[in-house]
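I opened this notebook to keep track of what I looked up, entry by entry.

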Amino acid sequence: MGEIQALGHLSVIGWLFLNIAIFNVNKWIFVHYAFNYPIILTTLHMLTMFIVQTIVIRFTSVGAAYGEGDDRMKIPPHLVRKVTILSIAFCSSIACGNIALKYLYVSFVKMIMATTPAVTVFMSRVIFDFHHDKYVYYAMGPLVIGGIYSTLGEVNFHLIGFLAAVVSTVLRSTKSILQGILLKEERLDSVRLLYHMSLPSLVILAVCSAIFEYNALWDTNFRNDLNLWSMIFLSCICSVGYNIMNFFVTFLTSAVTLQVLGNVSIILNIIISVAIFHNELSFMSVIGIVFTVVGIFMYDTAGEIRRFVRHRVSRSWGPDS
């Protein structure tokens, strides 16, 4: 029991570290190495992910649960189309997030992406006619207000970066909805899902890199700068580690812990990125951050808030009143 608890604590620390590292390492690459190839960077992330997932499933005890030999790598044929659609949303979201980081600072990108729950609730209601608890809808108010304040108060605003961050957020919401369907309704586990998403994503990103960032082939810095490649390698390791840690945190702790960590990581990411890159935060941006964090807290604890309110109401209308 003590060993599992210790592993849970280590996974939480690892998750926080890698969540903060991946954003700031990527931004460092774009700023300090004048690296203009966010899609190529995302492709390298996905290549690393595919290699690691292949090793894990084919050659470790984790993959033994899925059968022997090539059977480990297969999923039911009727899921291939759904996984491919999810892969498109997945890789496009990451690519757009990296494009946003090329033009914007980490603090603002995190604030835009923090509105993902609001977009997810809206899309699930409009597209799938899914009705949420009223306390979930109450949380949308602070989230939307926080996003507006953060945008209006951003000192280093860039339209291309902003649009890329918005598209990334919408695609993250799409991914969350589709991923929920595959994990809950189709009973596909997260380890194999990540593997089967990585290959189509790699192919899509490689094609996009060849079309939009082919000039990297003639960029001598990209080819010859060992420091740059060291940072790219670190970025790839952080990306893979972060995705793996998502699984470990949920397995060793709970989904609630992952939600709480998400809230904490927003604050830490902003503090650390401002300390590293010295970007200015306006008073309006700070107000936006506060509203956003409050909105996320309300969204993550909607069930607890509902139970607390009902308990208070039942007591106030009880026999002693």
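The entries below go from a pocket to a helix pair and then to the cavities.

**Ground rules.** I am working with a predicted model, in which local features need pLDDT of at least 70, side-chain atom pairs count only at pLDDT 80 or more, and totals for chains, interfaces and linings use all residues. Residues are numbered from 1 along each chain as its sequence is written, and side-chain values use heavy atoms, with hydrogens and water left out.

**The second largest pocket.** I looked up the second largest pocket, which holds about 230 Å³ of space. A pocket here is an open set of points on a 1 Å grid over the protein atoms alone, with protein on both sides within 12 Å along at least five of seven lines, and lining residues have an atom within 4 Å of a point. The lining has 15 residues, and those closest to the centre are I112, T115, V119, G147 and V166. By class I noted 10 nonpolar, 5 polar and no charged residues. The helix that gives the most to this lining is α7, with 6 residues; helices are DSSP runs of H or I with at least four residues, numbered from the N terminus.

**G147.** I found G147 in helix α7, and it counts as buried (under 20% relative accessible area, with a 1.4 Å probe and protein chains only) because its relative accessibility is 17%.

**α7 against α13.** I then followed α7 to α13 (residues 283-300), where the two axes come within 7 Å and cross at roughly 160°. That angle makes α7 roughly antiparallel to α13, a term for angles over 145 degrees. Their contact has 16 nonpolar, 8 polar and no charged residues.

**The largest cavity.** I next noted 2 cavities of 30 Å³ or more, a cavity being a set of grid points where a 1.4 Å probe fits but cannot get out. The largest cavity holds about 40 Å³, and its lining consists of S107, F108, M111, S150, E154, L281, S285 and I289. Both α5 and α13 give two or more residues to that lining, and α5 gives the most, with 3. I also checked α5 (106-113) itself: 8 of its 8 residues are buried, so the helix is largely enclosed by the rest of the structure.

**The second largest cavity.** Last, I looked up the second largest cavity, with a volume of about 40 Å³, and found it lined by H45, M46, M49, F90, I94, S239 and N243. Here α2 gives the most, with 3 residues.

Key. Points joined across faces, edges and corners; volume = space filled by probe spheres on them. Nonpolar A, V, L, I, M, F, W, Y, C, P; charged D, E, K, R; others polar. Axes fitted to C-alpha atoms, helices over the stretch in contact; angles between N-to-C directions. Parallel < 35°, antiparallel > 145°, perpendicular 65-115°, else oblique. Buried < 20%, exposed > 50% of the residue type's maximum accessible area, 1.4 Å probe, protein only.
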